[in-house]
Structure formats: structure tokens, C-alpha cells
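Hi there,

Here is the structure I promised to pass along.

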Amino acid sequence: MGLLSKKDLTLIKDPLADNNPITIQVLGICSALAITAELKASIVMSISVLFVLGVGNVVISLMRNIIPSKIRIIVQLIVVATLVIIVDQVLKAFAYELSKTLSVFVGLIITNCIIMGRFEAFALGNGPWRSFLDGIGNALGYAVILIAVGFFRELLGSGTLLGYKVLGDPIEKTGLYAIGYENNGFMLLSPMALIVVGIIIWVQRSRNKALIED
């Protein structure tokens, strides 16, 4: 028997598509709107959520039999807040400029509906290994959408990816700019993130009719 059974693989694969936390469950969408104007910020936020949700799910699972039901939400908040503080301090130590860009949004991971939802719906009722896989799967599903939105917003809004000019120089009019191409400044505004997410949702449901609600 391999390390991952079919059920284990489902925990990772389902959130990537048919049960994506953003496009299907419509959770954690605020950060998709707020920090995806730059691909680098999207990647760092994705890694941060991956760490918090993966480790947090394991911690809650290990404590599930000793957490009194009446204070379980408080315990979950303490766990996620501790992990977010660790992420915040690491960012300030090794990527200070990026930590300033993300600023308050790293702190808002504490109230991310995906994280609290997985703690409550899965980690409290399953063992550490399956909880870890569930956390990783949902974090990857979140990351896929966040990075896709960040990719298109930065590319079409600034003509760059990870800060590198990939479409040419808009000042010196090289590359695509030499034939009249102009950056779409609207892509850098938060409402455009919602439109990009909406397009992803439309494409996803067009490819899989079972996801269309009656």
C-alpha cells in the first residue's frame, strides 16, 4: 500500500478543482481581491496560508479530544493567530518590503473563512495525517486561484511578472508597446480581481456542468 490511499488523494485533488474553496465554496475571496495586483504578493500569501492551514489542521486534530466544545472557536483562533504571528515575523525578517506590501492582509489570515472552516469541519473530526492532507489540499486550491488572478492582473495591468518586464518597455516603446499596446490600468483595481475570479468560475462551470447549481 502506498503512502497515499485513494481517499487521501481525494483530499488533495478535490479542492484544486471540483471543490475549490474560492470558486466553488466562495470562501477566502477577500484576499483574492486585495493582494493580487502583484504575482509575488499572491505567491507569498499562498505559501503563508499553506503553512498556517497545514500546520493548524494538524494541531487542532491532535487537540480535538481535549478541546471543550464551548471554547473550541477560541482555541482555533489562538492556534491560527500563533501561526500567523510566526509567518508575519518571518516575512519581516527575510522579506521586509513585501511584508509592508501585504501589511494587514497577513494578519487577516486569522479570520480567513477557509482556515476556520477546515478546522471546524474537518480537523476536529479526523486524525492528524488526513487533517494535514486536507489542509494542504485546500491551501493549494486557494493558491491556484490566487496565483492565476495575480498572474493576469500583473501581466495585463503592469506588463510585468514578478517585477520583470515581459511585454517590453512602455517608456521606450519596445516589445508589444512598439506596436501600440498599452497596459490596462483597470486590472490593478480591486474590482477587476472580482471580474477575473468570475471568469475563472464561468470557465470552470462551462467545463463541468455538474458544478452548475439548479
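Let me start with Val 52: setting aside its neighbours within four places in sequence, Val 52 is in contact with Asn 57, Val 80, Leu 83, Val 84, Val 87, Ile 109 and Ile 115. Please keep in mind that this is a predicted model.

Val 52 also belongs to the largest nonpolar core, which has 37 residues; together with Met 45, Leu 102 and Ile 109, Val 52 touches the most other members.

Phe 51, Val 55, Ile 86, Val 90 and Phe 94 make up a nonpolar patch of about 460 Å². Helix H3 (39-63) and helix H4 (72-94) each contribute at least two residues to the patch, and H4 gives the most, with three. Which helix holds Ile 86? Ile 86 sits in H4, and its relative accessibility of 40% means that Ile 86 counts as partly exposed. As background, nonpolar side chains in soluble globular proteins tend to be buried together.

Trp 129 is partly exposed at a relative accessible area of 39%, and Phe 132 is partly exposed at 31%. Another pair, Phe 151 with Phe 152, is edge-to-face, with 5.2 Å from centre to centre and 90° between the planes. Here, too, the residues are partly exposed: Phe 151 has 31% relative accessibility, and Phe 152 has a relative accessible area of 41%.

Finally, two backbone details for your checks. Leu 162 is not a glycine, yet its phi is positive, near 55°. Leu 162 lies in the loop between strand S1 (160-161) and strand S2 (164-165) and is partly exposed, with a relative accessible area of 39%. Lys 173, also not a glycine, has a positive phi of about 60°. Lys 173 is in the loop between S2 and H9, and at 38% relative accessibility Lys 173 counts as partly exposed.

Conventions. Residues are numbered from 1 along each chain as its sequence is written. This is a predicted model: local features need pLDDT of at least 70, side-chain atom pairs count only at pLDDT 80 or more; totals for chains, interfaces and linings use all residues. Side-chain values use heavy atoms; hydrogens and water are left out. Patches are made of residues with over 30% relative accessible area and no salt bridge: like charges are joined within 9 Å, nonpolar side chains (Val, Leu, Ile, Met, Phe, Trp, Tyr) within 5 Å. Accessible areas come from the Shrake-Rupley method with a 1.4 Å probe; for residues, only the protein chains shown count as cover. A salt bridge is a side-chain nitrogen of Lys or Arg within 4 Å of a carboxyl oxygen of Asp or Glu. Helices (H or I, at least four residues) and strands (E, at least two) are DSSP runs, numbered from the N terminus. Buried means under 20% relative accessible area, exposed over 50%, partly exposed in between (1.4 Å probe, protein chains only). A nonpolar core is a set of buried Ala, Val, Leu, Ile, Met, Phe, Trp, Tyr and Cys residues joined through side-chain atoms within 4.5 Å. Contact means heavy atoms within 4.5 Å. Rings of Phe, Tyr and Trp (its six-membered ring) pair if their centres lie within 6.5 Å; planes under 30 degrees apart count as stacked, over 60 as edge-to-face and the rest as tilted.
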